[in-house]
Each structure stands twice: as structure tokens, then as C-alpha cells.
Amino acid sequence: MKKFILFVAVCAVMFGCKKPPAPTNNPIFSVKYQSEADGELVPMTNGQTIIFDEYINEELLGGDLFDFRGYIYSEESFDLVVTVTRETVPENSTDQFCILNCVTGNGMQTQDFTDYLTADETLFYGHFVPEQNVASESVVWYDFHEAGKPDAKIKVKVIYRYNP
């Protein structure tokens, strides 16, 4: 019995009596998007649904398009991954995501966009070009998370309602 108590005491000293810190699911950044209603920046929350039904005409990008834009804020530098999942998208629609550079969507259901962000604020855009002159509703999920930490995220559902 003495040996067991001694063993436990030695283990407690060697490994400390503290529990390791629990992993956190809180991201080290925040995200705000520009409201369609009044142009104000609105904080994004995990699980939020955002609806866009106003579009602009931009011939350089293919005609009518939706402009989902906002800022990513962080007090430290990190590798950001934005996983875009196209849930419901008409066949002749296209999209691109811009952080520091614009990258056209790959036409697949899921695509990762990555960039190294420095501490501060970083502008982003999600451009969505619906099939022109055809009424549609498209659902795209945007999952913002730090590289290697997919559970510490801000994931939003964006619905693009096009009614030409």
C-alpha cells in the first residue's frame, strides 16, 4: 500500500496536479458583413443565416451579381481557411471568393480558400453570379476557421435570391 501511495505521489509531482487546458471552440478572430439593408457592418455568428436579394450589374464579372462583403478582425496573425460549400446552385451560376486575391469557384460542391492574415482587419468578398435572367435561390455555406482548428469557426449560411 505504501508503494502505491508513493507511486501516486511521484506521478503527481512528475506530471503535475493540473488538468491540461480544455480545447476551445472559440475562433481567434471575428467577422462582420455589410448589411444589404443599410450598409452597416453586422457581426457574424456561427450558425447564422444571411439572405441577399439585391444584386448589382457588373459586366466584367458576367452580369448581375451578389456582393457578400465584410471584414475579418484579429489581434494576431494566423492562417485562415474559408471552406465554401455550394448546397443549392443553378447549373449556369458562378462564384468567386476574395481575401487578398480573388479566386474563381472550381465548380465543385466544396472548395477551400486559404490565406495568411496579419493582425488587423482584412476585407473579404464573396461574389455570386446567378444564371442570368432566370429566377433562382442559391444556398452557399461559408465556414471561416483557423488552419488546423476546424471546430473554432464562424460558419454562416448565405441564401442568394435572384429575381430578375
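**Exercise 1. The disulfide**

Identify the cysteines joined by a disulfide in this predicted model, and determine the handedness of the bond.

*Solution.* Step 1: C98 is joined to C102 by a disulfide, with an S to S distance of 2.1 Å. Step 2: a search of the whole structure finds one disulfide. Step 3: the torsion about the S-S bond of C98 and C102 is about 105°, and the disulfide is therefore right-handed. Step 4: the relative accessibility of C98 is 3%. Since buried means under 20% relative accessible area, C98 counts as buried.

**Exercise 2. An aromatic pair**

Classify the geometry of the aromatic pair formed by Y55 and F66, and state where each residue lies in the chain.

*Solution.* Step 1: the count of aromatic pairs comes to 19. Step 2: for Y55 and F66, the ring centres are 5.9 Å apart and the planes make an angle of 70°. Centres must lie within 6.5 Å for rings to pair, and planes over 60 degrees apart count as edge-to-face; the pair of Y55 and F66 is accordingly edge-to-face. Step 3: Y55 belongs to the loop between β3 and β4 (56-58), whereas F66 belongs to strand β5 (residues 63-74). The two residues are eleven residues apart, and their pair links distant parts of the chain. Step 4: Y55 has a relative accessible area of 28% and is partly exposed. F66, at 1% relative accessibility, counts as buried.

**Exercise 3. The open sheet**

Give the strand order of the open sheet of five strands, and find its edge strands.

*Solution.* Step 1: the order is β3-β12-β11-β6-β9, and the pairing is mixed. Step 2: β3 (49-52) and β9 (110-117) each pair on one side only, and these are the edge strands. Step 3: from one strand to the next, the twist averages 25°. Step 4: strand β6 (residues 78-88) pairs with β9 in the antiparallel sense, over eight bridges. Step 5: at residue level, F78 has L117 in β9 as its bridge partner.

**Exercise 4. Lysines over rings**

Determine which aromatic residues have K32 and K155 over their faces.

*Solution.* Step 1: K32 lies over the face of Y73, at 5.6 Å from the ring centre. Step 2: K155 lies over the face of W141, and here the distance from the ring centre is 5.1 Å. Step 3: the distance criterion is that NZ of Lys be within 6 Å of the ring centre; the values of 5.6 Å for K32 and 5.1 Å for K155 can be checked against this cut-off.

Technical notes:
Residues are numbered from 1 along each chain as its sequence is written. This is a predicted model: local features need pLDDT of at least 70, side-chain atom pairs count only at pLDDT 80 or more; totals for chains, interfaces and linings use all residues. Side-chain values use heavy atoms; hydrogens and water are left out. Two strands pair if DSSP finds at least two bridges between them. Helices (H or I, at least four residues) and strands (E, at least two) are DSSP runs, numbered from the N terminus. Axes are lines fitted to C-alpha atoms, for helices over the stretch in contact, and angles run from 0 to 180 degrees between N-to-C directions. A disulfide is a pair of cysteine sulfur atoms within 2.5 Å. Buried means under 20% relative accessible area, exposed over 50%, partly exposed in between (1.4 Å probe, protein chains only). Rings of Phe, Tyr and Trp (its six-membered ring) pair if their centres lie within 6.5 Å; planes under 30 degrees apart count as stacked, over 60 as edge-to-face and the rest as tilted. A charge sits over a ring if NZ of Lys or CZ of Arg is within 6 Å of the ring centre and within 35 degrees of the ring normal.
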